[in-house]
Amino acid sequence: MSDLSKYRNIGIFAHVDAGKTTTTERILKLTGKIHKTGEVHDGESTTDFMEQEAERGITIQSAATTCFWKDHRMNIIDTPGHVDFTVEVYRSLKVLDGGVGVFCGSGGVEPQSETNWRYANESEVARIIFVNKLDRMGADFYRVVKQVKDVLGANPLVMTLPIGIEEDFVGVVDVLSQKAYVWDDSGLPENYEVVDIPADMVEKAAEYREMLIETAVEQDDELMEKYLEGEEPSIEDISRCIRKGTNELAFFPTYCGSAFKNKGVQLVLDAVVDYLPSPTEVKPQPITDEEGNETGEVATVTTDGPLRALAFKIMDDRFGALTFIRIYSGKLKKGDTVLNSFTGKTERIGRMVEMHADERTELDSAQAGDIIAVVGMKNVQTGHTLCSPDSPATLEPMVFPDPVISISVTPKDKGGSEKMGIAIGKMVAEDPSFQVESDQETGETILKGMGELHLDIKVDILKRTYGIELEVGQPQVAYRETITQEIEDSYTHKKQSGGSGQFGKIDYRIKPGEPGSGFAFESKVVGGNVPREFWPAVEKGFKGMMQEGVLAGFPVLDVEIELFDGAYHAVDSSAVAFEIAAKGAFRQSIPKAGPQLIEPIMKVDVFTPEDHVGDVIGDLNRRRGMIKDQQAGTTGVRIKADVPLSEMFGYIGHLRTMTSGRGQFSMEFSHYLPCPNSVAEAVIAEVKERNAKK
């Protein structure tokens, strides 16, 4: 049985191109897991094993691997940096105990780093920071540290300082031990010497050491008093304080180096062992009831308790479906029967494997703290809890964002549709932010995702992995409808057809809700004019109608309904009668309440060289964008804006043309806003035309 204090479950996350996958490769090489490092730019890296990843040089799905460093077992997940695949980062952070945030030495804190940092804060994951690529042009360690403070509002605790910069970068100063680590030009990670600090850095290193100790001793009142009285704490005491502060998110130990040049990675590995928490030191996962409300119980990490495990990822490969699970408590053995608390069904554990990217090692048993994959589970989906049948429990489930963009796809030949149905079923199980529905009338299959790149990759997988030739329609925007005026109205549903009839009368107010509030229902009926048992039926009737608005059939958002009076018949009234009354009331009243089309607004973050700022801002304005902020950096300017999604299709092509290929951008859904009349009219006309063709 393994000692849980020697486990580290960590994730590596960052913005696109900050060097996450390269850092992972170096860690695997240093820990002896692989013998030849593969490079991302050659399409050879271990954790980017999909064809699409190797070709594009980006990570699309998170990959898990296990290695050992100084008698500690590390389960590492390399996550994607692209905003379209944030769901992979989110679900990985959910099951990890610690993380390494990688920042580019020249790019600094970029848009996706912010999103990932926010997710990590929400999941309360302890992190260390690695400022990478210090050998690059324009790299500046101290600027990145300042950005971590200013942009992320985090407190970086500087543990190493760079010796030299850009092409002169040769090593790092360990602030705590006051020693310099200098690598030679061979590019081999093991070829370094521990020497005295260069003379020109002695003062700076001493100053940073003082800052480090001052921050660390704040975690221990007794040590702090001694320190203020002039007594220097021991390195062991300082390390203990750093570990405590890191685990309580008081600060984030910050390291620097160049993963590509193999400089500084050992110190990051040491920091993972020394400062990041083991599974038993993390706040335990809360247990919830069937509705998702916390019960007050927690899944304490222990090998002795009943089994509690969370399925956080489904992956389909040549050997069948793999379900990745993180075990929080108890043990799991081959042949065990486990309960899926979501479906209420039991499943037998056939094969269990430890993953190394797309390779696997068979296991006979696993225990609390492990991240493993189970082969061939039938009805388990992302976010489901697996537990002991005699001690059922549900772990806090995952919440995923709604897709904002859709495209229609049709197979080119008849035989393709069945094949496509099976393939899409597997893909939806793998990726909860990817959804699919069928248009009943046209028979088209609609794919929905988080962005153009997301859907582009999905279509590519259907074509290449599953061999299905597709016709792809134009991207469609997820418009919604809402109302702008408050109205008071009344509706009576009356039906008499021999025997008992149906009767239900409701008096109600419909008013616009707060943006983002969805649907709210309240009953203020007094005196029993509408008996209490019929209120849920009225709510159900109104809520059921929210799926299809009156303008163009888009779902309706942000509506408050208040039932204040009505009437019922002792014999003819029933829940069904009141539900039908509510549906009729919706159809009658929404057209009078100033219905309005609203469109998704994206938070867009554009990076451009300085000489193209005017063009980029002018172009965003033409796209109905609202410029929110501009930040000048050493290599260019970041422009933040809110822009309607409908205006952003194909933007990357325009941006590259405008900036001679040097511009980059990322976007994520922000909120809904009313469409201008001209846009709304065009969208409604287009929907009507489409419906007429059907």
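Here is a short tour, from the whole protein down to a few strands and helices.

A word on ground rules: this is a predicted model, so to speak of local features we need pLDDT of at least 70, and side-chain atom pairs count only at pLDDT 80 or more, while totals for chains, interfaces and linings use all residues. Residues are numbered from 1 along each chain as its sequence is written, and side-chain values use heavy atoms, with hydrogens and water left out.

**The whole protein.** Colour by secondary structure and you get 16 helices and 38 strands (DSSP runs numbered from the N terminus: H or I of at least four residues for helices, E of at least two for strands). Of the 694 residues, 53% are buried, meaning under 20% relative accessible area with a 1.4 Å probe, counting protein chains only (exposed is over 50%, partly exposed in between).

**Stop one: residues 595-608.** This is strand β35, and ten of its 14 residues are buried.

- Look for proline 600 opposite tyrosine 672.
- Select 637-644: this is β37, also antiparallel to β35, with eight bridges. Here aspartate 605 has lysine 640 as its bridge partner.
- Select 480-483: this is β30, which runs antiparallel to β35 and is joined to it by four bridges. Isoleucine 483 partners proline 595.

**Stop two: arginine 638.** Stay in β37, where arginine 638 sits. Is arginine 638 buried or exposed? It counts as buried, because its relative accessibility is 10%. Show side chains and you'll find that of arginine 638 in polar contact with that of aspartate 605, at 2.9 Å (N or O atoms within 3.5 Å, where within protein one must be able to donate a hydrogen and the other to accept it, and residues adjacent in sequence count only if both atoms are side-chain atoms).

**Stop three: an open sheet.** Four strands line up as β31-β32-β34-β33, with mixed pairing. The edges are β31 (487-495) and β33 (519-523), each pairing on one side only. Select 559-567 for β34, which pairs with β33 in the parallel sense over five bridges. Phenylalanine 521 stands opposite isoleucine 561 there.

**Last stop: two helices.** Select 535-545: helix α12 lies across β32 (502-512), β33 and β34, at about 155° to β33. Then pick 575-589, helix α13, which lies across β31, β32 and β34 at about 40° to β32. Contact here means heavy atoms within 4.5 Å; axes are lines fitted to C-alpha atoms, for helices over the stretch in contact, and angles run from 0 to 180 degrees between N-to-C directions.

Methods:
Two strands pair if DSSP finds at least two bridges between them.
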